[in-house]
Amino acid sequence: VYQVNLITVDSGGIPWEHADFNSMDAPDPEASDLVKEFIHIKTDCDRPFYIIDPDTGERVFMNTRAAWWNENVWHGGLPIQRPTYTLRINGKFTEEFRTRIGATSIVW
């Protein structure tokens with residue numbers, strides 16, 4: 001783990017569709033290829049959050065509290081009429097760890 005962010009979205013706010021091509025560099029530039037993934041933890045499943053399937057261009061909605069994927073994959077959300085919170089944990093994670101926390105794997 002090299003960075004943790006708490007992301008808030010106000011009531012009616014839209015988590016815009018984007019990819020994190022220019023995210024913060026890893027502390028060790030030689031390790032930058034190891035930290036393109038992150039774990040995304042939502043406080044609930046009501047907030048419509050999706051990842052764009054690069055093969056079809058369609059939105060794949062995450063109906064789970066925890067997921068992980070490569071940050072270069074386009075993702076976004078739809079508005080909800082109450083504040084929401086998400087925890088983003090950047091780093092390199094083992095399959096065992098992702099399984100233990102129940103993170104859905106979304107990899108393209």
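Me: What makes up the protein chain in terms of helices and strands?

Reply: The protein chain holds one helix and eight strands, where helices (H or I, at least four residues) and strands (E, at least two) are DSSP runs numbered from the N terminus. From the N terminus on, the order is β-β-β-β-β-β-β-α-β. This is a predicted model, in which local features need pLDDT of at least 70, side-chain atom pairs count only at pLDDT 80 or more, and totals for chains, interfaces and linings use all residues. Residues are numbered from 1 along each chain as its sequence is written, and side-chain values use heavy atoms, with hydrogens and water left out.

Me: Why is His40 called buried?

Reply: Buried means under 20% relative accessible area, exposed over 50%, and partly exposed in between (1.4 Å probe, protein chains only). His40 has a relative accessible area of 3%, and is therefore buried. His40 lies in strand β2 (residues 37-42). Leaving aside neighbours within four places in sequence, His40 is in contact (heavy atoms within 4.5 Å) with residues including Arg47, Phe49, Met62, Trp69 and Leu87. Of the 108 residues of the protein chain, 38% count as buried.

Me: What is the order of strands in the open sheet of three strands, and which are called edge strands?

Reply: The order is β4-β3-β6, with antiparallel pairing. The edge strands are β4 (59-61) and β6 (75-77), because each pairs on one side only.

Me: Which residues make up the largest nonpolar core?

Reply: A nonpolar core is a set of buried Ala, Val, Leu, Ile, Met, Phe, Trp, Tyr and Cys residues joined through side-chain atoms within 4.5 Å. Seven residues make up the largest one: Phe38, Phe49, Ile51, Met62, Ala67, Trp69 and Val73. Strands β3 and β5 (66-70) each supply at least two residues of this core. Another core, of six residues, lies apart from it and includes Ala66, Trp68, Ile89 and Phe93.

Me: Where is the pLDDT below 50?

Reply: On the scale of pLDDT, the predictor's confidence in each residue from 0 to 100, the protein chain averages 79, and 82% of the residues score at least 70. Over residues 23-27 the pLDDT is below 50. Where pLDDT is low, predicted coordinates should not be read in detail.

Conventions:
Two strands pair if DSSP finds at least two bridges between them.
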